[in-house]
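Student: Could you help me learn to read a new structure? I would like to start with its features, one at a time.

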Amino acid sequence: SLDISGEMVEPLGNHYVVARPVYSEKLFNEEHEKLHRYHKTFWDHLKLYFRVKKVALGLFPIASWLPVYRFREWILSDIVSGINTGLVAVLQGLAFALLVNVPPGYGLYAAFFPVLVYFIFGTSRHISVGPFPVLSLMVGGTVVRLVPDDSTGNGTSIDISAINEERVMVAASVTFLSGIFQLLLGILQFGFIVIYLSQSLISGFTTAAAVHVVVSQLKFMLQLSTLKSIFSQITDTNITDLVTSLIVLLIVFVVKEMNDRYKAKLPAPIPIELLVTVLAALISYFINFEEKYNVAVVGKLEKGFQVPVAPDVGVLQKCIDDSISIAIVGFAVAFSVAKVYSIKYDYSLDANQELIAFGLGNIVGGSFKGFASSTALSRSGVQESTGGKTQVIWVVTFLAAIFLGLDIGLAIAVAFQLLTVVIRSQM
């Protein structure tokens, strides 16, 4: 009998006798062709190296610009700029924590950690990453909704401390979740969504958000318990707080106008926020505003950083829609500002990498009990974004965000802009 290879097989009792031809090396090689194994050449290894390098540079942009950094030419100006920007970021962190409805000290975490992450993963060379009033207000809305003011009216230090702890965890959790959404959008290459967020839309949205910010600050200027009490308890206004706020607003407004008008002649903008904060703190301390006039002060700040914590799962389930809105708004505002600078200084941005950078920044910031971060929107960026041909979009965005809220207003604005694109394409 024959086996499957064609060789003779004869049964013999309980054994088999297999007959095979005797091969010479030459005959064996003729019948059984040798399969040659492919060995990688030097060029193959070189191609693999550059492919891996390209991926690494894409994920870690710092690896591309740091080796070519012009140390002697740039280091001095970068140090000066870094100090000024850092001081302003610290002050803004303390101030924007009030919008989030958490103790001011936690604003320092929001101003610190996202910057470090963006330094490694970001692609813009000019934006200042940190707390932004629009996002702070959106996070604050979630915080108040999930942890409302003490309804018992006890007002004891224990009650206030417990409420603050809960609010800090809500702010950190919603920030962490928004970072997860941004990271996923970046990994899934959803950076193309920026083409649906025009400069006029961003301008109208941030202008409306500024109105929300001003209104939300009225209770702090008047030192009343809630925004509703402005109408019912206006006679209880703390006059010292009100006068101080108005003076500070006037000084800051005048100096900012001077900075804008004489920016070509000034070597650097006057850091009026820093100067006013230092001056106000000194006056408050030496005149003893807190005891004499019952003026609210920041108080003592804790030293060092707190241990990172995991987000509250219960909070995550209740703030999914809030986190999506915060993630999209934060990215849209930051990318719009970064785009202005990238065009001005002629370098490219990677929208997907920006999503990853901000996502990781919010994840880390939220883990250290900070709140959502983006970047500051300069006045020049707002002015450039209000083109005459797209004012309709600006008006719709502004009105929708004012009357329907920031999250719903943004969704309506995007839908309206897409509708205008469709209509114009059909004409």
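Predicted model: local features only at pLDDT ≥ 70, side-chain atom pairs only at ≥ 80, totals over all residues.

Student: How many salt bridges does the count come to?

Tutor: A salt bridge is a side-chain nitrogen of Lys or Arg within 4 Å of a carboxyl oxygen of Asp or Glu. By that rule, the count here is one salt bridge. Arg145 pairs with Asp322, and their closest N and O atoms are 2.5 Å apart. Arg145 lies in helix α6 (residues 133-146) and Asp322 in helix α14 (residues 320-344), so the pair ties together parts that are 177 residues apart in sequence. Helices here are DSSP runs (H or I, at least four residues), numbered from the N terminus.

Student: Is Asp322 buried or exposed?

Tutor: Buried means under 20% relative accessible area, exposed over 50%, and partly exposed in between (1.4 Å probe, protein chains only). Asp322 is buried, because its relative accessible area is 12%. Arg145, at 45% relative accessibility, counts as partly exposed.

Student: Which residues make the nonpolar surface patch?

Tutor: Patches take residues with over 30% relative accessible area and no salt bridge, and nonpolar side chains (Val, Leu, Ile, Met, Phe, Trp, Tyr) are joined within 5 Å. Val278, Leu279, Leu282, Ile283, Tyr285, Phe286, Ile287 and Tyr293 make a patch of about 840 Å². Helix α11 (residues 272-287) gives the largest share, seven residues.

Conventions: Residues numbered from 1 in each chain as written. Heavy atoms only, no water. Patch = residues over 30% accessible without salt bridge, like charges linked within 9 Å, V, L, I, M, F, W, Y side chains within 5 Å. Areas by Shrake-Rupley, 256 points an atom, 1.4 Å probe, with all protein chains shown as cover. Helix = DSSP H or I, 4+ residues; strand = E, 2+ residues; numbered from the N terminus.
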